[in-house]
Amino acid sequence: MAEVTEEAFRAEVLAFLDANATPRGEEKFVWGEGSDRVTLFDEKSRDAERHQLEQAKAWRAKRYDAGLGWISGPPELGGRGLPASYDRLYSALESRYEVPNQSFFGIGLGMVAPTIQAHASDEVKRRYLPAMYRGDIVGCQLFSEPGAGSDLASLQSRAVRDGDEWRVSGQKVWTSGAQYSDIGEIICRTDPDQPKHKGLTGFVVDMHAPGVEVRPLRQMTGGASFNEVFFTDVRVPDDHRLGDVNSGWTVALTTLMNERAAIGAGGAGGAGLVSMARLTELLRHFGSASDPVLRQELVQLHVDLTVARLTNQRALDKIKAGQAPGPELTTAKLALTQNMTRAAEFVCHVLGPRLTADTGEWGTYAWNQFVLGTPGMRIAGGSDEVLRNIISERVLGLPKEPGIDSKTPFRDLKVGTQG
Ligand SMILES: Cc1cc2nc3c(=O)[nH]c(=O)nc-3n(C[C@H](O)[C@H](O)[C@H](O)COP(=O)(O)OP(=O)(O)OC[C@H]3O[C@@H](n4cnc5c(N)ncnc54)[C@H](O)[C@@H]3O)c2cc1C
């Protein structure tokens, strides 16, 4: 394939965007104008969700058909074969245009697709990867269970071999986007006689297969972005296995590494999630602009968001220069959640009781969804406590947590009594 210079690629992308999307106007926040919704989780009705999904899929298909849907993917699978830096260049250019909400594809393309690419059979790669990048199908992550979150290796969903197939039974929970997903990456226990990190296997499962039941979970923000997913004797062909039998922990780690990188790099410390202009106007509008404590909180947040954004940029620049990033990406997710938590506290301090009852006043009660969404961010993609453990051990070199039990068979562990 002929080499495409960065300059030529930029011109190609801009021509595509100019022909298919509208440039964003300058966004100036004016108190009382436009929508006062501020959310961290996308809260919408099922109808609105369906409609937005259709628009999102149409946009991805247009990108893909123009050769811009899988920029760094291998050409033999329908990718463009360009360096990963061209992906980032595309994203930066696209962010200047109004395009349909692409969050539906975050987990599928950010985490599931790279895992399929690393561990699936050639047939499964050919079948699913082009369709995922074109937006024809959406993927979800079926890892967490009622008894297995931070300690993922305690999971109990079982897959039992049956000829050329596996039969999967069990329950997953907190599955984001399962309600509109077509495939899922599932990790199951395939050998309870092995220690808990060893007897696991990953699969690609058809979310429309008989025996798969998706039940929405309503969160305290009011929406239902997550689900419980029940598997009852679901048949999965052996060629949909990811990696070797009982090597699912390696498969899971591939996904989790991509998850942290996606959350950390994408979040830019929260700078893109909350607007300083909106927070400043909030303070001004309620006559608290001369309150020294609130002013201090606001400026501290500004400083923290700026530091997080620059730290993130440093990591991305190192990657671009071909160097391994240092601890920046490990701390990125923690910085993101800390900044969002501080922003929520600031909003609570300014609004006080206005946050608790809906009087219809613009820009007050609407902050609820943001404030109630921040605790979820502290858990998703590795909880704050678990990330602090990682930073203290791997970055600061502090003594390790007591080691995992790598010898006892899973069925003899207390957690495995049902397994
Ligand atoms: C917004 C959101 C989206 C999600 N989406 C998905 C999804 O799409 N797919 C999916 O599979 N899962 C998803 N999850 C689930 C998520 O992965 C789990 O919630 C997470 O791994 C924590 O597990 P848990 O909820 O079981 O909490 P637990 O692991 O039980 O943790 C409970 C508490 O104990 C602390 N803790 C646990 N272990 C340690 C330790 N070693 N040291 C110190 N403290 C510890 C935790 O920090 C936490 O405060 C999502 C969660 C959220 C909030």
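By class, the residues that line the second largest pocket of this predicted model divide into 5 nonpolar, 3 polar and 6 charged.

**Second largest pocket**

- The space that lies in the second largest pocket comes to about 280 Å³, and of the 14 residues that line this pocket, R88, Q313, L316, D317 and K320 are the closest to its centre.
- Two or more residues of the lining are given by each of the elements α1 (6–20), α3 (84–94) and α8 (292–320).
- Among these elements, α8 gives the most to the lining of the second largest pocket, its contribution being 6 residues.

**Ligand shell**

- The ligand has 19 residues around it, and those that come nearest are S150, W174, S176, S383 and E385.
- Helix α11, which spans residues 384–395, provides the largest share of the shell around the ligand, with 3 residues.

**Polar atoms facing the ligand**

- An oxygen atom of the ligand has a polar side-chain atom of S150 at 2.6 Å, while a nitrogen atom of the ligand lies 2.7 Å from a polar side-chain atom of S176.
- In the side chain of S144, an N or O atom is 2.8 Å from a nitrogen atom of the ligand.
- On its own the ligand has 970 Å² of accessible area, and the protein covers 66% of that area.

**Overall chain**

- Taken along the principal axes, the box that the C-alpha atoms of the chain fill is roughly 70 × 55 × 45 Å.

Conventions
Residues numbered from 1 in each chain as written. Predicted model: local features only at pLDDT ≥ 70, side-chain atom pairs only at ≥ 80, totals over all residues. Heavy atoms only, no water. Near = heavy atom within 4 Å. Polar contact = N/O pair within 3.5 Å; in protein donor to acceptor, adjacent residues only side chain to side chain. Areas by Shrake-Rupley, 256 points an atom, 1.4 Å probe, with all protein chains shown as cover. Helix = DSSP H or I, 4+ residues; strand = E, 2+ residues; numbered from the N terminus. 1 Å grid on protein atoms, 1.4 Å probe; cavity = no way out; pocket = protein on both sides within 12 Å on 5 of 7 lines; lining within 4 Å. Points joined across faces, edges and corners; volume = space filled by probe spheres on them. Nonpolar A, V, L, I, M, F, W, Y, C, P; charged D, E, K, R; others polar.
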